[in-house]
Amino acid sequence: MRVYNTLSKKKEEFVPLEKGKVKMYVCGPTVYNYIHIGNARPMIVFDTVRRYMEYKGYEVNFVSNFTDVDDKIIKKAVEEGVSAQEISERYMKECKKDMADMNVKPATTHPLATQEIDGMLEMISILIDKGFAYPAADGTVYFRTRKFADYGKLSHKNLDDLQAGHREIKVTGEEKEDSLDFVLWKPKKDGEPYWESPWCQGRPGWHIECSVMAKKYLGEEIDIHAGGEDLIFPHHENEIAQSEACSGKIFAKYWLHNGFLNIDNKKMSKSVGNFFTVREIGEKYDLQVLRFFMLSAHYRSPLNFSAELMEAAKNGLERICNASENLKHLSQNAELLSMTEEEAKLWKDSDLFVNKFESAMDDDFNTADAVSAVFELVKYCNTLAKESSSREFLDNLYQRMEQLCTILGIIIEKSEQILDQEIEDLIAERQAARKDKNFARADEIREILLEKGIILEDTREGVKWKRA
Ligand code: AMP
Ligand code: ZN
């Protein structure tokens, strides 16, 4: 298996630190709102990496944090007049729901920054003792960037270039020794959550959280560290500096970064407002479609989100589900139980698609090509599965399809869940039927919805619906 390592800028053979085991850390979201579909990209692609590693027989210890203390959370809490904890707990819960709907497996551990403050105080103290950090007069603790000789090795940045950039935006009154130094601990401001520390009442900087959580749940040396490409600098560069200065060991062997998700070929950003939440997309599509759409591109390529591409993903997914359903249906009615000699040969020939799938995934998780291999298998099944086929042959093909799709996190059994949009469409059709005095059709629609667990209520303000 070869993986592209941002550290070396090359594809490298994957050799785990410990045979048969993978220790993997993925930076998780800051929970101050519903997650957007950009945040969903690392969740989906690295969940797929994990699933493939597990398929290959590795035991994967997968850790992904929630950043539950941050300026954006505090700002939202002030706007709503509630506590920061209320905001982070609310959106963490919503995020977990979105993850489940996208069939992203829960991590082995999902640590929360606010529960790991002791570890952060400890790491900061070690860094101060070793001369890699220092407290300023106001209680802020800074990392002494120039003391860490390898600084810049991940982002391939040169310290002097960085310094030149910094000089222009230097804030007067800062108590840093050097403009490159970054914050490990900062003093509280009025009304903000804070913790006691030897330096001041305050809270941690963002970068130290991940160094500490990775160390606690995976150890000082890990196999894979991953996240979106915007995190390479400064977040991951700073994580390396903190962790390696503290332990004297190489923090992560492979650094994997996903490309950005754009909308209409423009960078998706909350400030510009050109973003969709996963929840919004979930009202129009089964979130399996979003997952399938994400996997149709290589994880390192930029990916453009558009209605056409989502429709294409929906159709593609349907082709896979229909072929699987057909196999299942034929199997239920098959008379012949065991494979014929000819079928045994055809079954063996279908190894080709598994080989293609594996070669694609072994080449830096090329899910786009892996999906093509699944489509080839779909075509093969559609051509060869017949009413006269044996049950064994049909079941084997079904299991093969299911196995490959499960690695991609795609569920091939059609979801019975009715989407909000479909409900709205049926309600509109019922209203039109009533207007035309076609009460039979109106009643029929009420029944269809009831069977799917949707209860309609005719009120003065119009039709309301709820899930039973
Ligand atoms: P944040 O909550 O902003 O820290 O982001 C959580 C994760 O989502 C990080 O790994 C980011 O790199 C990733 N991310 C944010 N926006 C996008 C985007 N538009 N495309 C791909 N990944 C993104
Ligand atoms: Zn992180």
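**View 1. Domains of the protein chain.** The domain assignment, which is automatic or from a database, gives domain 1 (2-258), domain 2 (308-407) and domain 3 (420-467). The C-alpha centres of domain 2 and domain 3 lie 38 Å apart. This is a predicted model, in which local features need pLDDT of at least 70, side-chain atom pairs count only at pLDDT 80 or more, and totals for chains, interfaces and linings use all residues. Residues are numbered from 1 along each chain as its sequence is written, and side-chain values use heavy atoms, without hydrogens and water.

**View 2. Helix α4 against helix α7.** Helix α4 (residues 117-129) packs on helix α7 (residues 232-247) at an angle of about 70°, and their axes are 9 Å apart. Helices are DSSP runs of H or I with at least four residues; strands are runs of E with at least two. Axes are lines fitted to C-alpha atoms, over the stretch in contact for helices, and angles run from 0 to 180 degrees between N-to-C directions. α4 and α7 are therefore roughly perpendicular to each other (65 to 115 degrees). M123, I126 and L127 of α4 meet Q242, A245 and C246 of α7 (contact: heavy atoms within 4.5 Å).

**View 3. A cis peptide bond at P234.** F233 and P234 are joined by a cis peptide bond, with omega about 0°. P234 lies in helix α7.

View 4. K9 sits in the loop between β1 (2-5) and β2 (10-13). Its phi is near 60°, a positive value in a residue other than glycine. N103 is in the loop between α3 (84-101) and α4. Phi of N103 is also positive, near 60°.

Definitions and conventions. Chains lettered and ligands numbered in written order. Parallel < 35°, antiparallel > 145°, perpendicular 65-115°, else oblique.
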